[in-house]
Amino acid sequence: MRHTEQDIAFAGLTGQATLLAEGRVSAVELTSAVLGRIAETQPTLNAFRHVRAAEAGREAEAADRRLADGERAPLLGVPVAIKDDTDIAGLPTAFGCRGDFPVRDADAEIVTRLRRAGAVIVGKTNTPEIGQWPFTEGAGFGVTRNPWDTAHTPGGSSGGSASAVAAGIVAGAVGSDGAGSIRIPAAWTNLVGIKATRGLVPTAPEPELFHGLTGHGPLARTVGDAALLLDVLAGTANRFRTAAAREPRPLRIGLALNVPFTALYTRLDERVRAAVVRLAGVLTDLGHEVVETEPRYGLIGLDFLPRSLAGVADWADRVPDPALLDPRTLANRRTGTRLRPLLALSRRLEPLWSRRVGKVFSDSEGVDVLLTPTTATPPPRADVFADLPNWRTDRAIVAACPFAWPWNVLGWPSVNVPAGLTAGGLPMGAQLAGPAGSEDLLISLAAQLEGVERWHDRTP
């Protein structure tokens, strides 16, 4: 059977790896097509900060030689992209900022693992300045747009990675998540995005990111592809791919629509509410018990702010020219510097929040999994955030994205699953969340849901 370029582009990581192993496409052909799609879409989507055309070509040639010799590896010859907060030897790591950043002389550990799995790394994707915002735009690179509707944002801060995968430029990409930065863009681009338990995916060369809030993870169109990429990043062999192929037992699932306290007004958009409630009905039809519940988030935001803003200050202190930073970044840097004395207290309080929120899983009437909105709204319009003052930016963030960040404080896993489209064709997402170490269960449940919903059949 002859495969068109469109078929191959949307074949997914697993599908592309199979085509390569069977000799129906070469790594050079696949990589050349990806580089062509990057060039074609940069003027409209602007998903990439750096493109490794020559290097990726050489990596693809090497992959073809390995394939010809009979070698097999999970991603051998498959092109992937990586967010520009991650070190790749030979490129700067600007994390969305302007300035003359030094070229890195070594790969981050997750890049080493991708190379070991045979991946061809085509480039680094755009992210807002120091990953602060759930929209991907900035003076350093412009505006990254949503392939479902280029008037709208793909979200952030892993917006470039999400845009690239949703558009079929690459079959999978790596992002990072410190307050929903994988799950939010996944929700707004019809993707599966996984935030893993803290420590599962290495952050080396950094001992931790944003004082324990942030971790790396996959963005893909299917649960199986996201599981494959997570296995590679975490070094877990076939653990998560096995979970994706396994039917979950009947579960007690808590439908949680209550908004964590943010001190700013937040309202759940009725379209998102209806989409999440509809998924609750699908889960009921699949044999699960769905009950309404309200996790006791309390004032967990008081633990989040010192760690997130001190993390911004840490990064801002390292840029070559702070004068080039966004005024909002400079303001957050000042606040983060003032909040650094609270970091030790924030870390000591984490077990308190784990016990408080964890009661929803451990009580006699507790649930196995939570189903919540990933965001409070569908994707906002793009190119409207650049000139907002800090207070209005904060209001926009809180209004759109109040649901994801508690799981970063807790360090627990959460998976975004697509929840359908608005009448105007904009994607929405729902969050499957659980206690520490529950990735296998969440992935298994997400895969079961995908079998009914078939969200990967939808393309922009």
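Trainee: Why does Trp 407 count as buried in this predicted model?

Mentor: Its relative accessibility is 0%. Buried means under 20%, so Trp 407 counts as buried.

Trainee: How many aromatic pairs does a search of the whole structure find?

Mentor: Nine.

Trainee: What makes the pair of Phe 361 and Trp 412 edge-to-face?

Mentor: Start with distance. The ring centres are 6.2 Å apart, and the limit for a pair is 6.5 Å. Then take the angle. The planes stand at 65°, and over 60 degrees counts as edge-to-face. So the pair of Phe 361 and Trp 412 is edge-to-face.

Trainee: Where in the chain do Phe 361 and Trp 412 lie?

Mentor: Phe 361 is in helix 13 (residues 343–362). Trp 412 is in the loop between helix 15 (406–410) and strand 12 (414–421).

Trainee: Why is Trp 412 called buried?

Mentor: Its relative accessible area is 10%. The cut-off is under 20%, so Trp 412 is buried. Phe 361, at 14%, counts as buried too.

Trainee: What makes the pair of Trp 407 and Trp 412 tilted?

Mentor: The centres are 6.0 Å apart, with 40° between the planes. Stacked needs under 30 degrees and edge-to-face over 60; the rest are tilted. Hence this pair is tilted.

Trainee: How do you know that the charged end of Arg 328 sits over the ring of Trp 133?

Mentor: It is 4.4 Å from the ring centre, and the distance limit is 6 Å. The charged end of Arg 318 likewise sits over the ring of Trp 315, at 5.0 Å from its centre.

Conventions: Residues are numbered from 1 along each chain as its sequence is written. This is a predicted model: local features need pLDDT of at least 70, side-chain atom pairs count only at pLDDT 80 or more; totals for chains, interfaces and linings use all residues. Side-chain values use heavy atoms; hydrogens and water are left out. Helices (H or I, at least four residues) and strands (E, at least two) are DSSP runs, numbered from the N terminus. Buried means under 20% relative accessible area, exposed over 50%, partly exposed in between (1.4 Å probe, protein chains only). A charge sits over a ring if NZ of Lys or CZ of Arg is within 6 Å of the ring centre and within 35 degrees of the ring normal.
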